[in-house]
Structures are given as structure tokens and as C-alpha cells.
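Student: I am new to this one. Could you take me through it step by step?

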Amino acid sequence: MFYIKDFFIPLFQHAERESMMTQTPIIQLKNLNKTFGTGQDAVVALDDINLSIYPGEIFGIIGLSGAGKSTLVRCMNLLERPTAGNVIFDGTDITNLSDRELRSIRRSIGMIFQSFNLLMQRTALENICFPLEIAGVPKKEAKKRARELLATVGLAEKEKAYPSQLSGGQKQRVAIARALATNPKVILCDEATSALDPTTTQSILALLKELNQKLGVTIIIITHEMKVIEQICNRVAIIDKSHIEEIGAVEDVFRHPKTLAAKKLIFPNGDFSEELTGKGKLLRLVFDGNTDRPIIANMVLKCGAPVSIVFANTKKIDEKIFGHMIIQLPDNEEKVKQILAYLDMEQITYEEESKDVQ
Amino acid sequence: MFSEDMFSLMGTGLLESLYMTVLSTAMAYFFGLPIGILLVVTDKDGIRPNPAVNRIVGSIVNLLRSVPFIILLVAVMPITRFIAGTTIGSTATIVPLVIGAAPFVARLVESSVKEVDRGVIEASLSMGASTLEVILKVMIPEAKPSLIVGAAIATTTILSYSAMSGFVGGGGLGTIAINYGYYRSRTDIMLVMVAILILIVQVFQEIGNVIARKCDKRIR
């Protein structure tokens with residue numbers, strides 16, 4: 001049998017997740033607010049954000065551009081000062097620290113960026129040495145550690161290469177090695193794969209996951225791509241219009257998105273504002289490779305009823321169709337019965353999709 | 001052609017010009033480099049925004065930059081006399097040259113350092129770098145090629161300033177050009193002086209460009 005959740009890698013076992021929740025958070029945001037500008041020009045970027053991220057998690061924060069996610073991640077290491085609220089890192093409220101104390105905390109929080117942000121005038125090795133220099137590690141030791149890290153990210157032979165001689169994926173690997181240099185507890189990834197092609201994105205995400213498992217480093221990923229969340233995150237927060245709309249395990253949020261913002265992200269092409277006011281029921285069809293016939297077209301012809309496809313994500317593998325689709329049924333009991341009968345006959349798994357939106 | 005004396009005069013003039021130019025450039029950078037960096041750092045988008053400091057320093061720089069050098073040369077004579085003990089000769093000329101060139105250098109440095117990618121600075125802050133570390137380990141090294149090109153421009157500008165000082169007895173090639181080429185109408189000497197000045201500018205500019213290209217790791 002086929003289950004929807006198989007689409008989204010079941011990343012976390014329930015027992016594991018529960019034990020995690022009893023731990024103290026590595027990063028906790030309390031009533032965080034950030035407003036840019038003052039008076040009439042004031043723009044609220046973050047509004048009352050509360051978030052707990054636990055050690056060892058891969059936590060995703062997803063939102064469309066302008067939702068405030070970049071500001072949110074910059075508040076976690078105070079590159080951006082929140083207007084109000086607290087940032088608690090590993091039990092310490094870092095919002096009230098002196099400059100010097102904050103700088104030493106920042107060494108425990110690595111960060112990687114969309115545009116890599118490597119020092120262009122330094123080699124790969126020297127780039128990785130940079131955070132160690134700042135931390136006061138002796139040169140020889142720093143070089144040794146940097147070499148190990150280059151090997152970890154699979155670029156041992158590139159130590160003398162300058163960033164301009166590296167590909168995007170290689171630059172991000174150097175940036176990851178640099179972020180790991182000071183043995184951070186957390187790595188913040190700000191759209192780290194958005195400038196990369198799909199294949200490279202896969203390999204960078206795989207590397208991040210491997211590091212998370214091997215080193216136990218907590219990873220926080222900011223992205224606008226659902227695929228990134230699906231691939232490696234355990235939990236996800238959905239941010240929209242400066243608010244956190246929904247937080248939960250990735251599979252739960254994907255299976256039962258509760259808010260409009262979540263639905264929009266999960267089914268990016270569905271026009272929910274209109275579709276959901278329609279009277280017809282929403283039906284989720286699951287194709288698990290047991291058919292090679294054009295189900296929807298046949299169904300429409302056979303039942304003489306139009307359906308509208310709200311969302312579809314199907315793939316043809318070996319001439320069999322895999323994937324799922326959400327269709328809206330006509331507002332007519334008789335036709336619905338016919339359609340369901342047809343689907344039963346074709347052995348297509350379906351479930352009624354709730355239309356509840358907030 | 002020229003007499004033996006004339007040649008030795010030109011030789012001395014050349015050395016004086018180079019002495020004034022090189023020393024003034026070095027001193028202009030001694031003052032101008034920190035000022036330029038201060039302007040970047042205290043800018044509203046800088047790593048230590050400070051509108052008051054930024055505006056005051058910016059205004060002083062603009063003020064000095066808006067006085068034509070030939071006027072500045074005469075206007076600062078009391079300061080020159082106070083520092084150098086005289087207002088004549090190449091050593092004395094270094095004083096107005098530095099006063100005139102430092103603000104120019106500050107603006108050149110400012111524009112070079114501003115070219116450094118904001119993201120790289122943010123990344124170094126995220127690693128726990130202090131303001132001083134960002135300046136010394138990120139801003140200056142990353143802006144190095146641009147700073148070197150700027151230094152070549154500054155050097156050639158200071159050379160032309162130094163020649164201007166010939167009018168008030170500043171020494172160097174400028175003084176020879178004025179005293180012989182202009183007051184004694186020796187067109188041949190004037191032409192030779194101009195040729196030498198052109199040559200020096202070319203050499204300085206080319207050296208700057210070559211070093212900048214050599215040390216820039218961005219283009220390969």
C-alpha cells in the first residue's frame with residue numbers, strides 16, 4: 001500500500017522527537033519583534049516570534065520572499081538587533097551581552113549564505129583559517145584543522161584554489177567548512193542552496209545532513225523552497241507576513257497543513273482563495289503506480305462531470321504513474337457518487353481533503 | 001643642447017620631485033587611509049554607524065578638497081613655516097602637499113573599501129570578528145587591488161601638485177619649468193620638463209596597475 005507520507009522522507013521517528021522536546025532548546029526566541037525605521041516609515045519585519053529549536057535538529061524556516069525569514073535568522077546571532085524580545089542561546093540570553101561576550105558566542109554559531117561570502121583574496125584554506133585566526137588559534141594548528149575540514153567537505157585537493165576558481169557548489173562547501181571551523185553548536189543557513197543548480201543543491205543538502213548526523217550540530221535552514229525542507233528538515237516553521245503561522249514535524253505539516261500560508265507553500269500552484277470558496281468537495285487522489293491509464297480524463301468522460309485540478313504532483317516511472325493530486329469535485333451528490341465509484345473501480349486511493357482554512 | 005650644469009640641475013629636480021611625491025604620498029596615506037576607513041565604518045550602512053562623526057569628518061574632507069591646490073599652497077604657509085621652519089624648498093612643500101592630498105586620499109580609500117561586498121563583512125561579523133579585525137583582516141585585504149590602483153592615482157596627482165608648487169619655490173621639476181621654461185622663456189627646457197613629468201606619471205600608473213592585477217585573486 002502507498003502512503004502519502006512516503007512522498008516526504010520520514011525523517012524523524014516519534015520516540016526520537018519526543019525525547020528531543022524534553023531537552024532544553026539550543027536556540028529560543030521569545031516574543032521577538034523587529035521593526036525597521038520609525039514613525040510613519042516603520043516596517044514590521046518580525047511580529048511576536050516565539051520559537052524553540054532543539055539540539056541536533058535540522059529545523060527549516062520557510063516563507064516567501066519578504067516574509068521576514070532572513071531577518072529572523074539574522075536575529076539568532078544578532079547580526080540584526082531585535083527591537084524587542086529575547087534570543088536565548090544554549091541557556092544564555094544573548095540580547096544583553098557585551099560586544100566581547102557576543103563575539104565569543106558567535107563562534108558557537110556558524111553561518112552560511114546564499115552568495116557564499118568567501119574572502120575573494122584568500123585561498124580556500126586561508127578562508128577556513130579565518131574564523132580560527134579570529135578565535136586566536138595558532139597558525140599551524142589552524143592550518144591543520146582547516147585541512148581536515150576541507151577533507152570533510154570533499155575538497156582536500158582545492159586548498160590552494162581561490163574562490164574565483166571554484167564552482168558554486170565548491171564555494172558553498174568551503175563556506176560550510178569555514179562555518180564548522182570553530183566547532184559551532186548551530187549552523188544557520190540563509191538560503192544556502194538558492195544560488196545552486198538542483199544537482200548541486202542535492203549534494204550540499206546531503207552534506208549538511210551528514211554533518212548533522214556525524215557531528216550532532218544543529219542546523220537551521222532558511223529557504224523559500226519546499227523541496228529543501230522535504231529533503232532534510234525534521235521540523236519546519238512557516239513564516240508569512242512577519243508571523244510564524246505554523247510549526248510542526250515536516251511530515252505533519254505536509255500531510256495536514258492547517259493554515260493558508262502552509263497550504264500555499266505546499267501546493268504552490270493552487271489558488272486557494274478561490275478554490276476553497278467553491279462548494280465542491282476536495283478530493284486527494286494517490287497514484288501508486290498501479291495504473292497506466294489516463295484516470296482523470298477517463299473519469300471526466302465517463303461521469304460527464306467536470307473536475308478542477310487544484311494541485312498535482314505526479315511522475316511517470318516505467319510507464320506507471322506515481323504521485324498525488326487534489327481535485328475539486330462538482331457540487332452534485334449524484335456525480336460525486338459516480339466519480340467515487342469510478343475511482344474505486346480503478347483502485348485509486350483517495351481521501352477527502354479538509355477545506356478548513358484558519 | 002643643454003650644458004653640463006643644466007643636466008645636473010634637471011637631475012636634482014627629478015630627485016627632488018620624486019622625494020616630494022613619494023614622501024607626501026606616504027604621509028597622505030598615513031592620514032588619509034584611517035580617515036577613509038573611518039568614513040566607511042561610520043556610514044549609516046557601515047559596521048559602526050555614527051552619523052555625527054561621519055558628517056563632521058566628511059565636511060572637513062570636502063572643505064579641504066574644495067580649495068584649489070595652488071591657493072591652499074599659499075594659504076597654509078604659516079602652518080608650513082611652523083612645521084618645516086621655511087616655506088621654500090622641497091621639504092617645506094611636503095606640508096601643503098600632505099594637507100592637500102590627505103582628503104583626496106581619504107575619498108579614494110573610502111570608495112575602494114566601499115566596494116568590499118557587504119555579505120563578506122557580514123560573514124566575518126557572524127564569525128565573531130571585532131570592528132578592528134573586520135577592518136584589518138577583511139576590508140583592507142579584500143580592497144587591496146582597488147586600493148593600489150587608487151594609490152597610483154594619488155601618486156600621480158601628488159606629483160602634479162608638487163610641480164604646481166614650483167610657482168612658490170617648491171623645488172623639483174616644477175621649479176625648473178617655471179624658473180627656466182617660463183620666466184626665461186626657455187621652451188626647450190619647458191618641453192623636457194613636461195616630457196619627464198609625463199614619463200613619471202606613466203611609470204607610476206603602470207606600476208600601480210601591474211601590482212593591482214598581480215595581487216587580485218578574483219580574475220584568473
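Student: What should I know before we start?

Tutor: This is a predicted model, in which local features need pLDDT of at least 70, side-chain atom pairs count only at pLDDT 80 or more, and totals for chains, interfaces and linings use all residues. Residues are numbered from 1 along each chain as its sequence is written, chains are lettered from A and ligands numbered from 1 in the order in which they are written, and side-chain values use heavy atoms, with hydrogens and water left out.

Student: Is strand β9 of chain A covered or open?

Tutor: Strand β9(A), residues 235-240, is mostly covered, with 6 of its 6 residues buried. Buried means under 20% relative accessible area, exposed over 50%, and partly exposed in between, for a 1.4 Å probe and protein chains only. Helices (H or I, at least four residues) and strands (E, at least two) are DSSP runs numbered from the N terminus.

Student: Which residues sit on each face of it?

Tutor: On one side of β9(A) are A:Arg235, A:Ala237 and A:Ile239, and on the other are A:Val236, A:Ile238 and A:Asp240; all are buried.

Student: Which strands does β9(A) pair with?

Tutor: Strand β3(A), residues 58-62, runs parallel to β9(A) and is joined to it by 4 bridges. In that pairing, A:Arg235 stands opposite A:Phe59. Strand β10(A), residues 243-249, is antiparallel to β9(A), with 6 bridges between them. There A:Ile238 has A:Glu246 as its bridge partner. Two strands pair if DSSP finds at least two bridges between them.

Student: New topic: what is the strand order in the open sheet of chain A?

Tutor: The order is β2-β1-β4-β5, with antiparallel pairing among the 4 strands. The edge strands are β2 (43-53) and β5 (92-93), each of which pairs on one side only. Strand β1(A), residues 27-36, is joined to β2(A) by 7 bridges. One bridge pair there is A:Leu32 with A:Ile49 in β2(A). Helix α2(A), residues 69-76, packs on the sheet and touches β1, β2 and β4 (84-89) of chain A, its direction making about 55° with that of β2(A). Contact means heavy atoms within 4.5 Å. Axes are lines fitted to C-alpha atoms, for helices over the stretch in contact, and angles run from 0 to 180 degrees between N-to-C directions.

Student: Where is A:Ser65?

Tutor: A:Ser65 is in the loop between β3 and α2 of chain A.

Student: Why does it count as exposed?

Tutor: A:Ser65 counts as exposed because its relative accessibility is 70%. From A:Asn31, A:Ser65 is 34 residues away in sequence and 22 Å away in space, C-alpha to C-alpha.

Student: Why is helix α4 of chain A called largely enclosed?

Tutor: Helix α4(A), residues 124-134, has 9 of its 11 residues buried, so the rest of the structure largely encloses it. Among the buried residues are A:Leu125, A:Phe130 and A:Ile134.

Student: What covers them?

Tutor: The cover includes α5 (139-152) and α6 of chain A, together with α6 and α7 (131-164) of chain B. After α4(A) comes A:Gly136, with a positive phi near 80°.

Student: How many cavities are there?

Tutor: A search of the whole structure finds 3 cavities of 30 Å³ or more. On a 1 Å grid over the protein atoms alone, a cavity is a set of points where a 1.4 Å probe fits but cannot get out, a pocket is an open set with protein on both sides within 12 Å along at least five of seven lines, and lining residues have an atom within 4 Å of a point. Grid points are joined across faces, edges and corners, and a volume is the space filled by probe spheres set on the points.

Student: What lines the largest cavity?

Tutor: The largest cavity holds about 80 Å³ of space. Its lining includes A:Arg106, A:Met111, A:Pro131 and B:Ser126. The largest share, 3 residues, comes from β6(A).

Student: And the second largest pocket, how big is that?

Tutor: Its volume is about 530 Å³. Of its 21 lining residues, the closest to its centre are A:Leu78, A:Leu79, A:Arg106, B:Ile47 and B:Leu125. Helix α3(A) gives the largest share of that lining, 4 residues.
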